[in-house]
Amino acid sequence: MKTFKEKLLVMLGQDSKKPASYSPEAEQIHKLKRLNKADFEAMKQHTREHQLVQNKWRNRRWAVLIAVNLLFVVSFWLDIQMLEGALTASRFVGFHLIDLNSALQVMLAHKHIIVNLLIGTATVFFLWVLLGGRTFCSWVCPYHLIAEWFEALHLKLVEKKLVTDHEFHRGARTVFWVLFSLLAIVTGYTVFETLSPTGILSRALIYGPSLALGWVFLLLMFEVFYSRRAWCRYVCPIGLTYGMVGTISPVRIVYRLDKCFHEGDCRKVCLVPHVLDVVIKGRAEEAVMAIGPDCTRCGLCVDTCPSGALTYGVKGLDKLL
Amino acid sequence: MSDTQPESASAPEAESKTGRPQGSAKQRSARRRFMRSAALTGGIIGLAMLGYLPVARASHARLRPPGALDEKDFLASCIKCGQCVQVCPVQAIKLGDLTDGFGIGAPHIDAREQACDFSCDAGQCILACPTGALTYDKPGFLTPRAGAPLAHLPILKAKEKDAEPTLNLKERMGLARLAQPEICLAVQGKGFKGQARGAAFKGTMRYMDVDRWKPIPVRDHPYERDLCDLCVTECPIKDAIQLKVVDKGDGLKRAVPEVLEQCIGCGVCEMICPVESGGQAAIVVDQRQTWGA
């Protein structure tokens, strides 16, 4: 069984390893796939032919993301006061909500925590434990959506061999997380907020455009022409903060080994493909496995998988249903 | 960006010449990835730290909303959410941009454009602030700068007849100063008639004789004064500014606005002042200026 510690290390930047042993059930499935190669290929072919191309989860996710951000906007513009503030901190019908990473920056820089800050942070912490940690990234963060659109452009250019994707070490994000925390402590300023495209975009949507949007555009260009989804993958400490929350969340993507043909479509669409290393042939140590905490629960793999090997799941609830 | 492709293609040949062990191409690409990552880390951290420049040079010294902690503590504790912006009845609060460096997203007031006139009666921005960057009760470990605390709680003229006439504000935001006495109408013994800031001015203010709870555009409230005293009459705080009569013996009634210790630096005088020169009103608010400094 993949330990909690190993999943955490993979999120922090370590490469995932081949399992040392399999559960009896998984071992059986792996064996069967090797034995009946002809059958396996035929089934794969059959599934491919009947694949239902859909964007169900992507569309739902985009709708939620746009709705949440619009709620911020109309709360101010139409003065309906439902969700006041911006993504860094807000009030939902009066209840304090405070972004975990922004709260962390403020707490470390200011070194003083008032009750409202604590309440808002705790509320958001429990909210995202329930909803899946990095669910914040793919279902709420406005930069994620725009970066997704520009990613499509990047992939087109890669296909035409006009650009190549330059990968960075995933551990860089952990280094950024530590450095930005240290900088907040040492300098006494919320240094990360200066560059955070999440905060910049959220404020620009609500309070009107700013020069800072130029920085966000440069970031997007960097991602289009140099490195695919670089900010979300290798830099953003917000993602890691929510990833930590995701370690204890019951909402995750579940992988079923027996339904998988190991074609790897899911890894191609994934923002964080290392969480899907488990779908590589011979990597799954159990017949049914939860995807790691770094997963943003975006559902692109669920939409993409031709054989339904990847689904949304809620720990504890799956057995009830 | 094209540097990696040819290199990796020619890597095996280079290896056989130098007799390096197999797999060094992989090692090299790993090394390149590491160097790239180090450059990315340095670059992003460097860019973020550039945000210190505007703060250090104080090139964007801003008038902060009422109840703001001292500048360094304020920037540390502000979570850049703009809830203060949303509750202000006169939309006096604006947020900082990239040019403010670490002050990006932090609130400020441009008093000449729209000052805080305490139309809300209570400092709604302070009540809205989730982190205590704007606060009535400064934490004990932050000692106020000399001359920042007010002698006593400021009395809001609009609330003078209420049971609780004071604002719960213990420190000033800044201090008003007659920056250009030579253009001041009162100093010249001149009166004023008409819209204080012209027909195009968008600023709003609360006028108790119009509606206590609904601020109206300043342009909709023309004035007529024999001797201009707008900075004194429109000041929302009691005993914060007065006109001192000056007698030059020529029979002309002259006066000079005199800022008093109860001035909290809200900036209404700067907004309402009908004259300006070089883009600056006759009377201005110096942000974070202390009494007796």
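Analyst: Two strands pair if DSSP finds at least two bridges between them, and the strands themselves (E, at least two residues), like the helices (H or I, at least four residues), are DSSP runs numbered from the N terminus. The model is a predicted one, in which local features need pLDDT of at least 70 and side-chain atom pairs count only at pLDDT 80 or more, while totals for chains, interfaces and linings use all residues. Residues are numbered from 1 along each chain as its sequence is written, and chains are lettered from A and ligands numbered from 1 in the order in which they are written.

Strand β3 (residues 174-178) of chain B runs antiparallel to β12(B), and 5 bridges join the two. Within this pair, B:L178 is placed opposite B:I283, a residue of β12(B). Strand β12 (residues 283-287) of chain B is largely enclosed by the rest of the structure, because 4 of its 5 residues are buried; a residue is buried if 20 or more other C-beta atoms, placed from the backbone, lie within 10 Å of its own, exposed if 12 or fewer do, and partly exposed in between.

A:Y255 takes us to chain A. Two residues are in contact if their C-beta atoms, placed from the backbone, lie within 7 Å, and, with neighbours within four places in sequence left aside, the contacts of A:Y255 are A:V278, A:V279, A:A284, A:M289, A:I291, A:A309 and A:L310. A:L310, in β6(A), is also the bridge partner of A:Y255. Strand β4 (residues 251-256) of chain A and strand β6 (residues 310-314) of chain A run antiparallel and are joined by 5 bridges. β4(A) also pairs in the antiparallel sense with strand β5 (residues 288-290) of chain A, here over 3 bridges, and in that pair A:V254 has A:A290 of β5(A) as its bridge partner.

An automatic or database assignment sets the domain bounds, and for chain A it gives domain 1 (4-50 + 251-316) and domain 2 (57-244). The C-alpha centres of domain 1 and domain 2 of chain A are 28 Å apart. Where these domains meet, 18 residues of domain 1 and 19 residues of domain 2 of chain A take part in the contact. On the domain 1 side, α1 (4-12), β4 and α15 (300-304) of chain A each supply at least two residues, and the largest share, 3 residues, comes from α15(A).

Another set of paired strands in chain A forms an open sheet of 3 strands, in the order β1-β2-β3 and with antiparallel pairing. β1 (83-86) and β3 (95-98) of chain A stand at the edges, and each has a single partner strand, so one side of each is left without a neighbour in the sheet. From one strand to the next, the twist averages 15°. Strand β2 (residues 89-92) of chain A runs antiparallel to β3(A), to which 4 bridges join it, and A:F92 faces A:F95, which belongs to β3(A).

Helix α4 (residues 56-77) of chain A touches β1 and β2 of chain A, and its direction makes about 105° with that of β1(A). Helix α6 (residues 115-131) of chain A touches β2 and β3 of chain A, and its direction makes about 75° with that of β3(A).

Finally, a loop beside a strand in chain B deserves a look. B:F118 lies between β2 (107-109) and α6 (124-128) of chain B, and its phi is near 55°, a positive value in a residue other than glycine. B:F118 counts as buried because it has 26 C-beta neighbours inside 10 Å.

Key:
Axes fitted to C-alpha atoms, helices over the stretch in contact; angles between N-to-C directions.
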